[in-house]
Amino acid sequence: MSVVTGLAGLRAKRQEQVEKEAARNRPKAEYFTWKDNAKNTNPDTVFVQFLQELDPSANGYDEEKGLALAAVEHEAPGPKGFMARALCTLDSEGQCYACERKKADYQEGWKTKTNLYINALVKFSEKADPVTRVISRNFNQSFAQQLMDVAVEDGSITDTVFKITRHGSGTQTVWVLAATKQPLWDTADAEVFDLKETVLRDVSYEKQPEYFGRVWDGPEGGADE
């Protein structure tokens, strides 16, 4: 709407602008991507040292670094859908726009995923310095189970340098986690991204049509119907 009148309308418009500005300025995480490793001699292998544990009972748990987390999330349909990723609010609010769209017409292509997020130091080559990246992986893939197995068997996932090797391609891609005997890297000054602040997008139900509508035209009549 180009013209707004009335105090209630003006206040609502002002609040909308404040929220948009806050969204633009919110801190952002650096995500792990295999493209950063593409030019190396072993483009399908990286070395990592996790900065977060899976449980507060773990030997290496650090309250300041926090824990890894898994989140149920939705993406809008289409090639730009990944740009509008948000938490499912069915449990928290009792309603969720993406769930409703998916139920109404599954052919629209709404995606629901449970994703694992964890901070880790990553070395993209033998001589490179380790850098912090948020590793994201579908929680239903074997990688998450491998991490949990290590956490149970060893009591920690932060006290080992691991090698991650990628096999396959597309939806058949598998990540294999293997412990190494490399000495631990210095994590004293390592950056750790606040996953809840930089990764998760918690959009209230009433604002979800507009949020997803940024990258999705919606059914006939658009996402603002």
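**Note on a predicted structure: charge pairs, ring pairs and overall layout**

1. As background for what follows, side chains of opposite charge can pair when their charged atoms come close.

2. Where in the chain do the two partners Arg166 and Asp44 lie? Arg166 forms a salt bridge with Asp44, and the closest N and O atoms of the two are 2.7 Å apart. Arg166 belongs to strand E6, while Asp44 sits in the loop between H1 and E1, so the pair ties together parts that are 122 residues apart in sequence. Arg166 is partly exposed, with a relative accessible area of 26%, and Asp44, at 32% relative accessibility, counts as partly exposed as well.

3. The side chains of Arg85 and Glu73 also meet in a salt bridge, with a distance of 2.8 Å from N to O. This pair links distant parts of the chain, since Arg85 is in strand E3 (residues 85–87) and Glu73 is in strand E2 (residues 69–75), 12 residues apart. Are Arg85 and Glu73 buried or exposed? Because the limit for a buried residue is under 20% relative accessible area, Arg85 counts as buried at 14%, and Glu73 is likewise buried, with a value of 2%.

4. Another salt bridge joins the side chains of Asp62 and Lys65, at 3.3 Å from N to O. Asp62 is partly exposed, with a relative accessible area of 27%, and Lys65 is partly exposed too, at 22% relative accessibility.

5. On the surface, Asp149, Glu153, Asp154 and Asp159 gather in a patch of negative charge. One of these residues, Asp159, lies in the loop between helix H4 (142–154) and strand E6 (162–167). With a relative accessible area of 40%, Asp159 is partly exposed.

6. The aromatic side chains deserve a paragraph of their own. A pair of aromatic rings is described by the distance of the centres and the angle of the planes. Counting ring pairs whose centres lie within 6.5 Å, the count comes to 11 aromatic pairs. In one of them, the rings of Phe32 and Phe124 have their centres 6.0 Å apart and their planes at 0°, so the pair is stacked. Phe32 lies in the loop between helix H1 (7–25) and strand E1 (45–50), and Phe124 lies in the loop between strand E4 (111–123) and strand E5 (131–138), so the pair ties together parts that are 92 residues apart in sequence. Phe32 is buried, with a relative accessible area of 12%, and Phe124 also counts as buried, at 12% relative accessibility.

7. Phe143 and Trp175 form an aromatic pair that is edge-to-face, with 5.3 Å from centre to centre and 75° between the planes. Phe143 lies in helix H4 and Trp175 in strand E7 (residues 174–179), so this pair ties together parts that are 32 residues apart in sequence. Phe143 counts as buried at 1% relative accessibility, and Trp175 is buried as well, with a relative accessible area of 6%. Which residues do ring pairs link into a cluster? The cluster is made of Phe32, Trp34, Phe124, Phe143 and Trp175, so a reader can follow the stacked pair of Phe32 and Phe124 and the edge-to-face pair of Phe143 and Trp175 within it.

8. For the overall layout, there are six helices and seven strands in the protein, and from the N terminus on the elements run α-β-β-β-α-α-β-β-α-β-β-α-α. Along its principal axes, the C-alpha trace of the protein spans about 65 × 40 × 35 Å. Buried residues make up 36% of the 225 residues in the protein.

9. Glu126 lies in the loop between E4 and E5 and is exposed, with a relative accessible area of 61%; the C-alpha atoms of Glu126 and Gly78, which are 48 residues apart along the chain, are separated by 38 Å. Val150, by contrast, is found in helix H4 and counts as buried at 15% relative accessibility. Val150 and Val176 are 26 residues apart in sequence and 13 Å apart in space, C-alpha to C-alpha.

Notes. Residues are numbered from 1 along each chain as its sequence is written. This is a predicted model: local features need pLDDT of at least 70, side-chain atom pairs count only at pLDDT 80 or more; totals for chains, interfaces and linings use all residues. Side-chain values use heavy atoms; hydrogens and water are left out. Patches are made of residues with over 30% relative accessible area and no salt bridge: like charges are joined within 9 Å, nonpolar side chains (Val, Leu, Ile, Met, Phe, Trp, Tyr) within 5 Å. Accessible areas come from the Shrake-Rupley method with a 1.4 Å probe; for residues, only the protein chains shown count as cover. A salt bridge is a side-chain nitrogen of Lys or Arg within 4 Å of a carboxyl oxygen of Asp or Glu. Lys and Arg count as positive and Asp and Glu as negative; His and the chain ends are not counted. The place of a charge is taken as NZ of Lys, CZ of Arg, CG of Asp or CD of Glu. Helices (H or I, at least four residues) and strands (E, at least two) are DSSP runs, numbered from the N terminus. Buried means under 20% relative accessible area, exposed over 50%, partly exposed in between (1.4 Å probe, protein chains only). Rings of Phe, Tyr and Trp (its six-membered ring) pair if their centres lie within 6.5 Å; planes under 30 degrees apart count as stacked, over 60 as edge-to-face and the rest as tilted.
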